[in-house]
Amino acid sequence: MNYTILGIESSCDETAAAVFSTNKGILSNELFSQTALHARFGGVVPEVASRSHLEKIRPIVTAALYKAQIELGDLDALAVTYTPGLPGSLLVGLSFAKAVAYALDKKLIGVNHLEGHIFSACIEHTIPFPFVCITASGGHTALYIVEDYGRYTLLGQTLDDAAGEAFDKVAKLMHLPYPGGPVIEKLAAEVGFQDFFEYPRSTPHSLNFSFSGLKTAVLYDLVKREAYAMESKTFLKEDDLLLKQQVASSLLVCVGDIFEQKLALVLKEYPVQAIAFVGGVACNKYLRARLMNFSEHHKKAFFTPSPAYCTDNGAMIAFVGHYKAMKQEWSDFSLDIR
Ligand code: KG4
Ligand code: ZN
């Protein structure tokens, strides 16, 4: 059976749509990023996000169909993120997908956003199963054993903040722009990715992560260095570029160490064939290089998606929708957001 699937993603601050076909793979991958709308608030504002999705969903879907050179009628199914995410944002994508599917008598496929991230690694690569997948984004950080398409087991996850959130929050502490990840990477590169301040490596013996403690450790360290005033919540070293570089670099090295520690624990217990690194944080070239070296050292193949498939995107939703279609795993119209 051949399927042409439209994937729709609107769980957070990206309005995204993509088309995947059985014979040709990804035919289009369109996206509107709301980053600029949220930047001045230092994080995603849910109300602003859902209003923007409402404005952009139709043009983005139209663009995805146009780039793929198909029309709505050519689709077999609409795959859409229904969980997890911001309720108002999820509702826009799901309602849109349901309405189109209902009106044109197409199949509907609900996709879990995290399943999308996990299998984003498989869009461009054929990865041998089972593989361990480290998923690190602004909302989630988790480790999975991936046994097959659609079959995966959670090994551990963050008990509080996500890794991307730690970058975003530390960046905010130092009055750096949102999102924090890219700017932390840039500053760290300027001082050669050294560990200046030796922040604590949390939960070393567990497969769970904790990044809220790391953010607090950075905060207290800044207070100790007289660089941050707790009472007024102000960064006091606005002009001290070296300090910002050293904090960014120490933070990034620390997160790299934590990722490697977890993967080492997994490799001890599970006979995996490969290691995959996905999610917005996987855009980070330093972390990609470290995990690639780590994998080589442990004689495992290493896979990470192109940056466009690391951050939130419609392609990963269309891809998951496609293998669900192959297995005839349709959703009914009672599907709701979670
Ligand atoms: O996957 P994503 O686009 O959205 C969520 O599902 O959360 O991930 C966004 C996160 C943000 O926290 C951002 O700071 C982080 O990914 N990020 C990075 C980099 N680019 C984006 N973190 C580290 N280094 C980067 N280059
Ligand atoms: Zn995501």
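Modeller: Start with Glu226, in the loop between H7 and strand E9 (228-229). The model is predicted.

Biologist: What is the phi of Glu226?

Modeller: Glu226 is not a glycine, yet its phi is positive, about 55 degrees.

Biologist: Is Glu226 buried or exposed?

Modeller: Exposed counts as over 50% relative accessible area. Glu226 has 62%, so it is exposed.

Biologist: Where is Phe193 found, and what is its phi?

Modeller: Phe193 lies in the loop between helix H6 (180-190) and helix H7 (212-224). Its phi is positive, near 50 degrees, and the residue is other than glycine. With a relative accessible area of 27%, Phe193 is partly exposed.

Biologist: Now the omega angle. Which residues does a cis peptide bond join?

Modeller: One such bond joins Thr83 and Pro84, with omega about -20 degrees. Pro84 sits in the loop between strand E4 (77-83) and helix H3 (87-104). Another joins Phe129 and Pro130, where omega is about -10 degrees. Pro130 belongs to the loop between helix H4 (113-120) and strand E6 (131-136).

Biologist: How many residues of helix H5 are buried?

Modeller: Buried means under 20% relative accessible area. Helix H5 (residues 163-173) has 8 of its 11 residues buried, so the helix is mostly covered. Among them are Ala163, Gly164, Phe167, Asp168 and Leu173.

Biologist: What follows H5?

Modeller: His175 comes after H5, and its phi is positive, near 60 degrees.

Note on methods
Residues numbered from 1 in each chain as written. Chains lettered and ligands numbered in written order. Predicted model: local features only at pLDDT ≥ 70, side-chain atom pairs only at ≥ 80, totals over all residues. Heavy atoms only, no water. Buried < 20%, exposed > 50% of the residue type's maximum accessible area, 1.4 Å probe, protein only. Helix = DSSP H or I, 4+ residues; strand = E, 2+ residues; numbered from the N terminus.
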